[in-house]
Amino acid sequence: MISTSMSVIVVLVALVNGARSEDDIQPCAKIQTSSSVVLLGSPVTATCVIRDDCPLVIGRAVHIAWRLGDRFLPSSAVGNESSRVSEVVIPNFNHTREFLTCCVRTSTYQVVDGVEIRAGYPPEAPQNLSCQTNLTTPNTLTCSWNPGQQETHLHTKYTLHTAIRDSNENHTYELLPGLHRYIIPRFGFVLFSDVEIYVKAVNELGEATSAPIILEPVSSAKLDRPTILKIQAVPKRYGCLKLSWSLSQQQVWMSNLKLNLEVRLTTADSSQRRGQPIPVNQIKPSKSVDQCRLLHGTRYLAQIRVRYQQSPWSEWSSSQSGVTLESAPTGRLDSWMRVSGDHTNKQLNVLLFWKPSKQFRANGQNVSYIVSVKKLPGENGKVCSTMGNYCTFQLPGRAKKVYLSAVNAEGISSPTEVRIYLPKARAVISDVTVIPQDDGSLLVQWRSLLSSSLTGFVVEWSPLLQTGLFFTQFELTSRNHTLLVITGSFEPYKPYGISVYPRFKDGIGLPQTVNAYSRQKAPSMVPKLQIKKIWKSHVELTWDEIPLKQRNGIIQNYQVFYCDTKGPIKIVNADLEERRVVLRDLNIGSLYEAFMMVSTFGGSLNGSTIHFEIDSFDTVAVVVIVPVSVVGLLLMIIFVAMTSFSNNKRLKGRFWPAVPDPANSSIRRWTSESTQGSHLSLDEEPNPMYLSHLSFLDLPVKLSKEDDDPWSSSSEDTSDLGESICGSPFTPGYSGSISDSVPYATVIFSGPCSSPSPEDLRVYLRSESTQPLLETEESFSPKCYHNMGSVGMQSEQCFFGPSHDCVPEKGADPGLLCDDFPFLRALSLKQTEIDE
């Protein structure tokens with residue numbers, strides 16, 4: 001934008017407002033200022049002089065105006081006789097860069113000249129100049145500095161100057177803009193000669209120089225990380241290690257120099273560093289380093305770093321391990337015992353834990369522990385031997401103490417006496433609380449009743465998600481302390497069981513146990529709500545317990561949120577132990593939705609939503625309790641009744657009618673065998689057993705020739721014939737269609753049921769059922785059969801088939817035939833109803 005504005009000004013001045021000549025182009029005006037670069041915030045004065053031969057002012061009054069950027073400035077004329085000179089004063093120039101233009105007013109304002117004014121600050125002296133030598137190939141010297149906090153707003157040039165004192169050789173290095181670091185090549189310095197170095201900063205408002213530094217390049221070199229060649233125990237010197245080391249291959253030429261060394265030692269089984277690094281001054285790389293006053297028989301990890309005089313320290317070397325000479329264990333062990341016994345107290349079950357005290361030293365790599373009933377452990381008195389931190393064993397009820405010793409390859413420690421204290425039913429501890437300090441420590445607090453026999457407390461803890469006594473830890477404290485900070489590798493979001501036991505002079509009291517977390521968060525899951533019971537306007541909801549590994553903290557509350565489509569959201573807090581809530585005063589007929597939120601100290605999580613509706617009637621669960629004697633009586637009555645029915649054929653026939661298998665029977669066998677003792681006279685009410693599969697249909701009186709065979713007629717649809725015969729006309733509420741029954745036959749009368757004539761012929765049709773009824777049937781075509789009519793009818797008639805297939809037989813005694821064919825008896829009853 002600035003360059004564009006400047007170009008516009010140049011074009012306007014040169015082409016529009018300038019006075020032309022053959023040799024050159026003279027501008028109409030010229031601006032004179034004290035300086036085009038000023039201190040930011042200082043005043044600026046400028047003067048504009050209009051030439052007499054400027055075409056814009058010839059023969060007219062001159063009016064000059066000043067403009068800074070796009071803003072006009074007040075000005076004053078210089079010399080009353082000539083109005084062609086104007087002066088402007090800017091009391092406070094607060095722009096870092098801006099254009100000041102002189103304009104002549106005609107019909108519009110014409111720019112006749114302009115100048116760019118820049119403002120800023122002089123440079124600050126560079127600070128914190130430092131240089132470091134790199135001894136890798138090729139050697140270099142890198143210097144860096146701080147240009148200062150204040151921005152100059154002007155182009156500032158930095159140069160680096162070096163002067164080697166022994167040779168009077170000087171060098172100047174120019175830096176690229178904005179770069180405050182420079183690498184001096186190898187020819188610009190001598191490793192073992194002092195060199196003076198400083199930095200100069202210059203801009204249009206001034207210059208500044210940093211404080212010079214004088215250094216020996218080799219003394220400012222950061223050496224490569226050294227290497228530990230070997231670490232081993234010093235023969236016949238307990239607690240000492242010998243380290244052999246060297247420089248990197250590129251810096252082997254410095255092996256004859258005396259260097260400063262630092263050694264860092266840590267035990268292999270601990271992540272904590274052992275104190276401060278151990279300094280070793282003025283030592284050559286060819287000489288080994290001895291480190292003593294270390295633990296016996298302990299594996300150490302060693303690292304070293306090196307520097308020359310006051311140069312920067314090198315990086316730490318890689319770790320190497322070594323083991324000091326072993327000796328017999330020393331010191332005592334801290335122990336904690338739990339004892340239980342049988343009802344006779346003749347045998348004691350003992351669980352003993354131990355750990356090293358602050359004074360204990362294992363002094364060996366492979367340490368085991370022996371529990372003995374004798375002070376000098378032997379095969380006879382030893383009850384336990386292990387390399388762990390606990391042991392379980394049994395002792396006689398009269399035992400009073402045991403002895404605990406540590407053993408390694410070099411010997412055995414002095415035994416630690418452990419007295420046996422029986423459990424006592426004394427509860428003196430209450431209000432146990434646990435407050436997380438950080439991820440690695442917990443503060444345990446409790447209250448205790450005053451007791452003269454109280455000697456101290458035991459705080460025991462173990463992870464609840466890891467089984468095994470190996471993970472159990474404990475701390476002992478005196479009777480005057482009711483708080484204790486326990487430390488260990490506590491994992492966040494994992495539960496720990498913490499117990500506090502009181503110790504008395506004659507036993508161990510009852511503990512108080514709580515669960516604790518070093519850090520908590522929201523649970524990983526929410527149990528699903530289940531509807532257990534609905535009654536009246538209430539709903540009971542239950543849920544399962546959250547698995548311990550998914551709780552991520554101590555459950556503070558279960559909250560159930562529920563609402564219908566019209567009402568507000570309601571909240572019910574559930575009991576932590578019962579895991580159930582009852583939602584009361586619900587609207588009948590409304591659809592409700594509910595979900596549960598589970599909260600810990602670390603957060604909350606919402607579960608899935610369920611829907612339910614309260615019906616208009618109450619759901620009541622009635623539980624009938626029947627005594628065992630009543631049940632037995634009912635079973636006896638049922639047994640007697642079944643026995644009686646099986647012995648009485650007539651009674652059995654009433655309740656369980658004999659239904660023959662149509663596929664394996666004939667009408668003759670059916671009526672003669674299965675109905676013995678069941679003959680009925682014409683005056684008696686027919687047994688439904690004979691009529692349940694018989695129906696009647698009435699057809700018009702006159703039939704055409706085409707209708708002589710109703711089954712072959714195409715003018716009348718008989719597809720519903722099966723439905724019309726699926727019931728019994730003698731059954732109350734008969735509808736003519738029972739889907740479960742299979743009709744045996746259909747009787748079609750040739751005249752209306754209301755006015756039949758004795759002479760009318762009956763035609764009997766077989767059902768279309770596909771189930772075989774008679775075992776003698778071989779085809780679908782009906783066979784010739786006899787027809788029994790009422791008194792006065794012809795004794796011979798063809799039915800169940802065409803007349804040409806029938807061979808007429810002489811009629812039999814009607815009474816006899818009615819007894820043999822129960823369906824014919826039904827026809828007789830039907831005829832009687834029609835006649836009446």
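Trainee: What makes Arg118 count as buried?

Mentor: In this predicted model, the relative accessible area of Arg118 is 18%. Buried means under 20%, so Arg118 with its 18% is buried.

Trainee: Why is Glu204 called partly exposed?

Mentor: Glu204 has 47% relative accessibility. The band for partly exposed runs between the buried limit of 20% and the exposed limit of 50%, so 47% places Glu204 in that band.

Trainee: How do you know that Glu204 and Arg118 form a salt bridge?

Mentor: The N to O distance between their side chains is 2.6 Å. The cut-off is within 4 Å, so the pair qualifies. Glu204 sits in the loop between strands E17 and E18, while Arg118 belongs to strand E11, 86 residues apart.

Trainee: How many salt bridges does the structure hold?

Mentor: The structure holds 19. Another of them joins Lys222 and Glu315, with closest N and O atoms 2.8 Å apart. That pair also links distant parts of the chain: Lys222 is in the loop between strands E19 and E20, and Glu315 in the loop between strands E25 and E26, 93 residues apart.

Trainee: Which class does Glu315 fall into, and what value puts it there?

Mentor: Glu315 has a relative accessible area of 41% and is partly exposed. Lys222, at 28%, is partly exposed as well.

Trainee: What makes Arg338 and Glu460 a salt bridge?

Mentor: Their closest N and O atoms are 2.9 Å apart, and the limit is 4 Å. Arg338 is in strand E27 and Glu460 in strand E37, so the bridge ties together parts that are 122 residues apart in sequence. Glu460 is buried at 9% relative accessibility, whereas Arg338 is partly exposed at 28%. Elsewhere, salt bridges with shared partners join Arg237, Lys242 and Asp290 into one network.

Trainee: How do you know that Cys28 and Cys54 form a disulfide?

Mentor: Their sulfur atoms are 2.3 Å apart. The rule asks for sulfur atoms within 2.5 Å, so the pair passes. By this rule there are five disulfides.

Trainee: Is the disulfide of Cys48 and Cys102 left-handed or right-handed, and why?

Mentor: The torsion about its S-S bond is about -85°, so this disulfide is left-handed. The sulfur atoms of Cys48 and Cys102 are 2.0 Å apart. Cys48 lies in strand E5 and Cys102 in strand E10, 54 residues apart. Both cysteines are buried.

Trainee: Why is the disulfide of Cys131 and Cys143 called right-handed?

Mentor: Its torsion is about 110°, so the disulfide is right-handed. Cys131 is buried at 11%, and Cys143 is buried at 0%.

Trainee: What average pLDDT does the protein have?

Mentor: The average is 76, and 70% of the residues score at least 70. Over residues 668-742, however, the pLDDT is below 50, although this stretch has 119 contacts in the model beyond near neighbours in sequence. Residues 749-769 are also below 50, with 61 such contacts. Where pLDDT is low, predicted coordinates should not be read in detail.

Conventions:
Residues numbered from 1 in each chain as written. Predicted model: local features only at pLDDT ≥ 70, side-chain atom pairs only at ≥ 80, totals over all residues. Heavy atoms only, no water. Helix = DSSP H or I, 4+ residues; strand = E, 2+ residues; numbered from the N terminus. Buried < 20%, exposed > 50% of the residue type's maximum accessible area, 1.4 Å probe, protein only. pLDDT = per-residue confidence, 0-100. Contact = heavy atoms within 4.5 Å.
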